[in-house]
Structures are given as C-alpha cells and as structure tokens.
Amino acid sequence: MEKGLSPLGDQLEERVRHLADGLGNGRLANRVLEAEEHAQQLNDSAAILDSILTDAKSVSLNATAAFKAYSNIKANVDAAEKEAKAAKQRASEALDLALGPEVPVSEEAQSALQKSHKLLNQAEQLGSDVKDTAARLAATKAVAADANATAIDVLERLGELNLHLRGLQRNYSELEDTVKAANQMIQDPEKNTIIHAAGAKVKDLEDEADRLLEKLQPIRKLQDNLRRNISQIKELINQARKQANSIKVSVSSGGDCLRSYRPDIRKGRYNTITLHVKTTTPDNLLLYLGSAKFVDFLALEMRKGKVNFLWDVGSGVGRVEYSHHTIHDGNWHRIEASRNGLNGTISVYPLEGSMAGMMPTPASANSPSAYTILDVDQNAYLFVGGIFGKVKKAEVVRTSTFTGCMGETFLDGKPIGLWNYRQRQGDCKGCVVSPQRSDGEGTVQLDGEGYAAVGRPTRWNPNISTVAFKFRTFSVRLPAHKDFMSLELSEGAVKVNFDLGSGVGSAKSAKRHNDGRWKSLTVSRNKKQAMVTVVDVDSGAEEKMTVISQGSATGLNLKESQRIYFGGLPTIANYRPEVTLKRYAGCLREIEVSRTPYNLLSSSDYTGVTKGCNVENLYTVSFSKPGYSGAERPVAERWHRDQLVVQHPGRHGHHITGRRWSATSRAADEELQHLE
C-alpha cells in the first residue's frame, strides 16, 4: 500500500508546488485586481447614467415615461453593482481559499475567471441598453415638445371660448331683462287692454278680408268668363277674316280706286304672288308690298302692256320682265311671280281669248348678291291696284295707279280678300269674277288654321261606313260625342280612332306619309272592324292596317244634324281627348263619305279653305353667330325644284333655307327632314 500511495503523493506534491509557484508569481492577485477595477468602472458608468437621467427627468414634460425609463436603468445599474460586489466578495473568498492548504485553488480560480467573463458580458450588454435608452429619451423629448405646443394651442382656444361664454352671459342677461320688461308690460292692466284691443282689431280685419274675398269670387269668375269670351271672339274674328278673304270679289277701278290691306306675311327668303287681272291700260301698278322700316319691297307693274316683277331685299333691285306678250287686251290673265333668295321668276297664263290654255315660258333674273331675306311683317304696306300718294314707294317702280278689273289675289299662298281692306280712297266698284285655271274639280287647300264642315250623308248605315279621300301635305298632323271616328296625321303617320259607344279602337301606320306626294286614304268599317288602306298615288306603294273597337257596340250613331269636319275643328266646343285639335295644312280631293261625294267649297261652314293645291315646305334656320351645318350632296339625283340653299351672312345673321316643291329627290327630302 505504501508503495502504491507513494507515486500518487509525489504527483500531488508536484501539482501543489506548481500551483504555489503560480500563486507566487502574482497571477491570481492580478486577476482579482482586474475584477475590482472593472467593478469600479461599472460604478462610475452608473453614476454618469444617474446624472444623465436626472437631467432628462428635469426637462421632460412626460414625467411618467421618464420615471419608468429611469427606474429600469437604475434597476439595471443596481443589479450590476450588486453583481460587482458579489464578484468582489467571491474574489476575496477565492484569495482566502487559495491561501488555505486544503482548498482546491485551481477550481476556485477557474470559477472566478468564468464569473469575471460573465460580468464583462453583462457590462457590455448594459452599455448597449444605455445607448438605446438615450435614443428613446431623444424621442421622448420630441413627443414632449409636441405635447407642449398642443397644450399651448388648447389654452389659447380655451381663452377665446371663455370670451364667447362671457358675451353669451351678457346677451342672456340683456334678454332676461327684456323678457322681464315684456312680462311687466303684459301684466300692466292699461297696456294689456291696448293689446287686447289691437288683437280684436286684427281679428275684425281678418273677418273683413274674408268677406271681401267672398265678394271677389263672382268678379274672378266674371273675369275668367270674359277672358274665355274674348278668346272666342278673337277666334270668331279670325275665322270671319278668313271667310272674308275666301270670298271671290273682283274690284273695278277707273284709276282712282286705291285700297291698302293687312299683309299676313313673315320675313323670309321665299315669296309668291298670284293675281288675276283684266285691263286695257298698258301702264298699271298691280301690287306693291313695302317694309315700314327698311328698303325691302316686292312689286308687280305693267310697262307698255308687259308685266314686270321687281324686288329689293337690301342689296339692290332685281327686275324681271315677261316679254313674250302683252296683257292689256281686255282679257283675263293669271300672273304668277315668285322670289327664291336672289332669283325672281314670273309667268303669265292667258285665261281668255285666242291664247287661253297656252302654257307660258317662265322668265327669271337675279338681284345683286348679298342679302336674300325680305324683312317685312304685318306692319308693312300692302296695296293691290294702286298706291296712296302719301306713301313713299321705291323709285324704280314707275306706276302708282290701276285701271281695270282686279280678281283673286294671293300673297305667299294666302288669299287677300279684296273687299277686306284696311283703308280705301276713291271710287271702287265690282266686276265679273275672274275665271280660274283648272286644278281638278273638288281639289282644295287648307291653310292649317281653318276647317270645313259638311252634313251627314242622307243614306247612313250605322253598321257600315266608308271614308275615302286623297291628301297631299308636309304637315305632321291632320284632324265630341260618345260615338266618333277620326282620321289624323300624327308625326306624319296616319292614325285612325273610332268609338261605337263601348270603347275606342285605334291604329297608327308604320310609315310617314307627309312627304308632299298625293296619298289615297280609304277606311272601310263593318261593325267593330275597320280596314285602313294608304296608297301612294304615284308609286302605287300600299300600307294596310286593321282597327277593332272595344266592347260589344257595333254602330256609329250620328244624328242627322251632326256635322263631319275636315281639316280641323271649331275652337268653341268640347271634344274627345283622343282627337287632336291641331288643324291640317295641305290639300284634299275626291272626298267621299259612305259613297257620297263632297266639295268642301260648297259647304256653308268653312274657313281657311281655297281652291287648288299649291303645297310647299319651307325650312329656315338662322345662325345669330358664325357657325355651320354640314350635309352630303345627293348622288345621281336631280334636285329639280327641290332646293337646299346656303346663304352668306345677311343683315340679321346667317340663314339656311330648304324648300321641297315636288318630292323627286329622296336624298334631298332626308336632308331637309334632318334640318327640320
């Protein structure tokens, strides 16, 4: 055993001697000193941090956040200080153990070294935490500054609000004083009596106003009746004028018969004049229309037996003479003159004598270019057969009197009633009515403001009825009792309505028929069902419709005294709401009702109806400022008398006018409808 322990004792003795040599060299003492110095450095850092936190806490407005940050840092510093003290204590213990012969010094030294490294790492981590804390403190300072500025702004607003509150308090005090004064005034017996008296007076005035309003009711009703009566009187006067104008009266003049008329005309770029004359005097003034404000005029006169048409629309006089023959032969002649913009045309039709029935060759000429609008209105001067000496006429018109017989006269397609004059001078007599050109028996034209009434056919079957006629128009409309039937144009389409007593039947054509062509319209009704046929007379194109009335009634019951109206209805009456009251402008012919023919001019009740047919469609578009309207030119089409004329700037703006006389150009029709 002694032999076995001897080597171990030698080894232990060798290691103790080696450890004693290491301790004797001062290595452990140096390590302990380094730990103490590091602990001292940590204490100094903690003191510096404490001073920084003290300064930060003094400038920070957010004391709670700063205190929390300080508390965290202080806790970390205290922990570091505690660890340093513990390290120092353990170093002392290590020294004591190293000096003791029974302590394993190597293990204690190794443990002390590990703890020192751990403390060093903690110190480095603490330094990093200190840097993060400094950044957070800077952000806290910025937030605190913003909070301080906000607090100052809030204090300023509170000051202003306080001022407003004080003003409201003063106003409330004044209002309270006013209310008290009012209450005292109301409670004062003397003033209270005045108030009650005033209230009673107001009540009396209100009662008196109510009584006056009751008395005014009959007056208001009377005013309404007067307005209606005046409107009816105006309508009757208008109808009377139209009937007067339609009376065919020829006027004879020996040279001193002068008459002025009221022109039914509007300014425009298209005009027509038609008159019938018989004379043996070569020089006569036939018609003169002159503007009351401008130089514009139209005139027809005879020079050495030849008819001259003169006009001026503001840019110079235009004149065209019908030189083919003279007309002072004592026979009736029909003169037709028209102006379209700058162009004037004249034709003379002999109605009696050896040349009667001959078709004339029109003569035409142009006026100086620029203006094309004849600026006249109903205040213009209109004379037929001579002119008053006090009226200043155009110098180019050479004659001023008329000798002969003047027959029917038309201006822009409207008749001038020769006896319905505005003023008259001299001795005027009647003469034989002028003959008329053959326009087809029974063909009439309605001016859009009149109508014609005819009686019920003598042989009338309520269950079976037919209505047939031909019409020609550019208008968009054609015109009660329990039983009725109406044929209308609605936006150019044919519309049929009828009611036999138990409900209305209605139908409308798919096509428009207001294209200026003659159309044949036939309605054949057998009890509740009616067949409607519209045929284009020129092309033969046909459109059919079927109309069936409602209910069980089958008879269209018309009393013998009831009238059938063509072209429109009188204003003074009550009518079915299904019937349009807008009147028809266009031509009618070959009218039959239940196989009974009618001639509207033979009726005893008509207005705005003239013989013949002279349908035209005129579109005028004015541009008050510079502008344009584009339209394509028809390809491979003849315009014939369809025209679309663009006029250069005039005295009163730009004008575009389109006119269709006969529908020979479909492309032109479409362009004109587009302008419409």
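1. Accessible areas here come from the Shrake-Rupley method with a 1.4 Å probe. On that basis the accessible surface of the protein in this predicted model comes to about 39,200 Å², with 52% of it belonging to carbon and sulfur atoms. Of the 676 residues in the protein, 37% are buried, and the secondary structure consists of six helices and 30 strands.

2. On confidence, the pLDDT of the protein averages 75, and 68% of the residues score at least 70. Over residues 476–481 the pLDDT stays under 50, although the model gives this stretch 31 contacts beyond four places in sequence. Residues 634–676 also have a pLDDT below 50, with 107 contacts in the model beyond near neighbours in sequence. Where pLDDT is low, the predicted coordinates should not be read in detail.

3. The strands β18, β19 and β20 form, in that order, an open sheet with antiparallel pairing. Its edge strands, each pairing on one side only, are β18 (484–490) and β20 (504–512), and the twist from one strand to the next averages 10°. Between β18 and the antiparallel strand β19 (residues 493–499) there are seven bridges; the bridge partner of Ser 486 is Asn 497 in β19.

4. The model contains three disulfides, and when the bonded cysteines are numbered in sequence order their pairing reads 1-3, 2-4, 5-6. Cys 257 is joined to Cys 428 with an S to S distance of 1.8 Å, in a right-handed link with 105° about the S-S bond. This pair connects distant parts of the chain, 171 residues apart, with Cys 257 in the loop between β1 (250–254) and β2 (258–261) and Cys 428 in strand β15 (residues 428–431). Cys 257 is buried, at a relative accessible area of 4%, and Cys 428 is buried as well, at 13%.

5. The S to S distance between Cys 405 and Cys 431 is 1.6 Å, and their link is right-handed, with 70° about the S-S bond. Cys 405 is buried, with a relative accessible area of 5%, whereas Cys 431, at 26%, is partly exposed.

6. In the remaining disulfide, the sulfur atoms of Cys 587 and Cys 613 are 2.1 Å apart. The torsion about the S-S bond of Cys 587 and Cys 613 is about 95°, so this disulfide is right-handed. Cys 587 lies in strand β25 (residues 585–593), and Cys 613 in the loop between β27 (605–611) and β28 (617–623). Cys 587 counts as buried at 0% relative accessibility, while Cys 613, at 25%, counts as partly exposed.

Key:
Residues are numbered from 1 along each chain as its sequence is written. This is a predicted model: local features need pLDDT of at least 70, side-chain atom pairs count only at pLDDT 80 or more; totals for chains, interfaces and linings use all residues. Side-chain values use heavy atoms; hydrogens and water are left out. Helices (H or I, at least four residues) and strands (E, at least two) are DSSP runs, numbered from the N terminus. Buried means under 20% relative accessible area, exposed over 50%, partly exposed in between (1.4 Å probe, protein chains only). Two strands pair if DSSP finds at least two bridges between them. Axes are lines fitted to C-alpha atoms, for helices over the stretch in contact, and angles run from 0 to 180 degrees between N-to-C directions. pLDDT is the predictor's confidence in each residue, from 0 to 100. Contact means heavy atoms within 4.5 Å. A disulfide is a pair of cysteine sulfur atoms within 2.5 Å.
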